[in-house]
Each structure stands twice: as C-alpha cells, then as structure tokens.
Amino acid sequence: MANWYVKRGTQTAGPLTLERLKELAAQGKIQNTDQVRKGEEGPFQQAGQIPGLIPEKDSEAWDEFEVNTQSQSQTTAPKKSNTTLIVILAIFAGGGLLIIPILIALLLPAVQQARDAARRSVSKNNLKQIGLAMHNYHDTYLVFPPGGTETTEGKPYHSWQTYIIPFMEQGRLYNQIDFDQPWTDPANQSLFQQEIPQYINPAIEEKVSPEGLGLSHYVGNKLLLKTNGNMGIRNILDGTANTIMAIETGQNFKPWGDPTNIAEPAAIMGPGNKTSFRGGNQVLMSDGAVRFISENIDPAVLKALSTPDRGEVIGEF
C-alpha cells in the first residue's frame, strides 16, 4: 500500500509504497537525515532510524528523486534567471538602433520640405520688398530705374539695384556712393562689398563674389529695365500684372552693384535653366505681385510675360 512519505527541508514526497521507498534508498536517493513517515498523519523520523532502509553509503541525489512534490506554506520561490531579461533588452537595443535610421529617413523629407518652404517664403518677401522699392522710386521720379547706366562710350556705371536701396532702408549706404564714378572705381569698391539682405536668397549659399563683392540672387528683366532706360507704368501697355520686372535666379550670380545684372527672362528661367527652388522660379510682376512660374512654362507664354508692349494674349500661367 502506497502510504509512505519522505520529507527533506520544506518539501514532502509521496505517497510511496514500502518497496519503492526501499528501491530509492538502495539507489542512494534517500539520505540518513531525510525524514520518513508511514501514514497520512503522525511524526516523521530519520530514515537512518528505520531498520534496513538505508544502505551503508548515502547519496545526495535528492534532485533526481521521483516525487510528487507538495508545496508547503513557507516554500521559497525559485530564483529566476536573468538570461531572459538580458535577451529581451538586447533585442530592444538592437531594434532601437535599427529604428532610429528608419525614423530619420522618414522625417528628413518632411524637415527638408519645411526648410524649403521657409526659404521660399523669405525669397518671396525679398521680391515684394524689391517691388515696393521700385514703385516708391517710380512715385518719386515717375519712371522705374534704368536696368543700368553707362557712358556714351559704353562704360558701365551703376545698376537698377543700386538706385532703389534708399527705399529699402539703405539710405546711408546710398549717400556714400559716388555716382560721378563707376561702381568699379576704387572709391566705391568697399561700399559694394556690403551685402543687402533683400538681395539674398537664403536657399543659396554663395553670397559674395570671388572679388569680395556682395551678390544679388535676383535679376532684372532687360526688356523692361533697359540700359539708360526710363520706362514708366504708362509704357507697360500689356499691363503691369502681365509683365515680369525681376526674377529669382539659381545660377550665374552677379554683384548687386553690377549694371549688367539684367537679362531676358527666357535666358535664366524655363526649360534647361537652374532654379533655386524645385519646380520653377518666383518672379516679381510689374504691379508688385510675386508669382511662381513653372520651369516647364510654354516658351511663348514666357516671352509674352517678358515684353511690356507687344500686345500678346496671355492665358493661364
């Protein structure tokens, strides 16, 4: 009958038959100091005190004991290994290292778009400031400034951008310029080394020429702002809203004091020309509005927008 129990520490095994008890003792799986009890109740006694149960040699092979373990109220929970935790942390750490580049790759386009939008907004505002200065000049002199001035011998003197700086809070600089001498005269050179904020597109890193002169990232429309010209609003027969005055350019920058900083719009914008922003150029119209023109604009439409008095029919652009 299986009514024997064996106790070691806080663990109790059983019930076992007497035959199985003796078999385990013979295998060295029961020690002298183990407690043995017959029946469901009653006191335990040392296994060594039961005649014929324990062989002369004991064993410490309790861990291999085939038992039905009954947990006691004071049983201590086994110590958990830290291996699993270490593995989990390693997985998260490795995953984190992998996720970070992915997040950066996902966020970079959005960050770049935000930066481009901010820079484009600044450039647009620059063109608006230039347009306001041009109209203030017109209110004062009843004409827009010439694209550039030169002598009868063709020697360049001063640019349209120089003539409007008093209307852009640069009156002090303007008053120091000797207009009886060309802009390249040594007496004027240090003045033209200064940068004019309204002439700088933040999307372009190049701000100073190799000679140390302050650059402009905007070019005048030479079909409107002619050399030694005196074009007024009354002469823009195609309408000021349909005639380009100045253009945001992405290449071949000239100093703001250079009288040759004018060009036909088709030469610096449209197919094949570099833009400072993706997709096209911002342009200042003669009415002071700023428009964005696609780099894929129809050349015929661009030509019509460039001329002030040809009478072309202009559709959507």
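This is a predicted model: local features need pLDDT of at least 70, side-chain atom pairs count only at pLDDT 80 or more; totals for chains, interfaces and linings use all residues.
In the hairpin made by strands S5 and S6, 5 residues sit between the strands, and Gly154 takes a positive phi near 90 degrees. The protein has 7 helices and 13 strands, and of its 317 residues, 41% count as buried.

- Strand S5 covers residues 148-150 and strand S6 covers residues 156-159; the two run antiparallel and are joined by 2 bridges.
- If you look for the bridge partner of Glu150, you will find Pro156 in S6.

**The open sheet**
- Here 4 strands form an open sheet in the order S2-S1-S3-S4, with antiparallel pairing.
- At the edges are strand S2 (11-16) and strand S4 (45-46), each of which pairs on one side only.
- Helix H1 packs on this sheet and touches S1, S2 and S3, while its direction makes about 130 degrees with that of S2.
- Further in, S1 and S3 pair in the antiparallel sense over 4 bridges, and Tyr5 stands opposite Arg37 in S3.
- As background, strands of a sheet pair through backbone hydrogen bonds, either parallel or antiparallel.

**A salt bridge**
- The count of salt bridges comes to 1.
- In this salt bridge the side chains of Asp34 and Arg8 meet, with 2.8 Å from N to O.
- Asp34 lies in the loop between helix H1 (18-26) and strand S3 (35-38), and Arg8 lies in strand S1 (residues 4-8), so the pair ties together parts that are 26 residues apart in sequence.
- Both Asp34 and Arg8 are buried.

**Residues with a positive phi**
- In general, most residues other than glycine have a negative phi.
- Glu169 is not a glycine, yet it has a positive phi of about 60 degrees.
- You can find Glu169 in the loop between H3 and helix H4 (171-176), and Glu169 is exposed, with a relative accessible area of 78%.
- Asn252, also a residue other than glycine, has a positive phi near 55 degrees.
- Asn252 is in the loop between S9 and strand S10 (254-255), and at 64% relative accessibility Asn252 counts as exposed.

**The protein as a whole**
- The protein exposes about 18100 Å², and carbon and sulfur atoms supply 52% of that area.
- Among contacts between residues at least 6 apart in sequence, 63% join residues at least 24 apart.

Note on methods:
Residues are numbered from 1 along each chain as its sequence is written. Side-chain values use heavy atoms; hydrogens and water are left out. A salt bridge is a side-chain nitrogen of Lys or Arg within 4 Å of a carboxyl oxygen of Asp or Glu. Buried means under 20% relative accessible area, exposed over 50%, partly exposed in between (1.4 Å probe, protein chains only). Two strands pair if DSSP finds at least two bridges between them. Contact means heavy atoms within 4.5 Å. Accessible areas come from the Shrake-Rupley method with a 1.4 Å probe; for residues, only the protein chains shown count as cover. Axes are lines fitted to C-alpha atoms, for helices over the stretch in contact, and angles run from 0 to 180 degrees between N-to-C directions.
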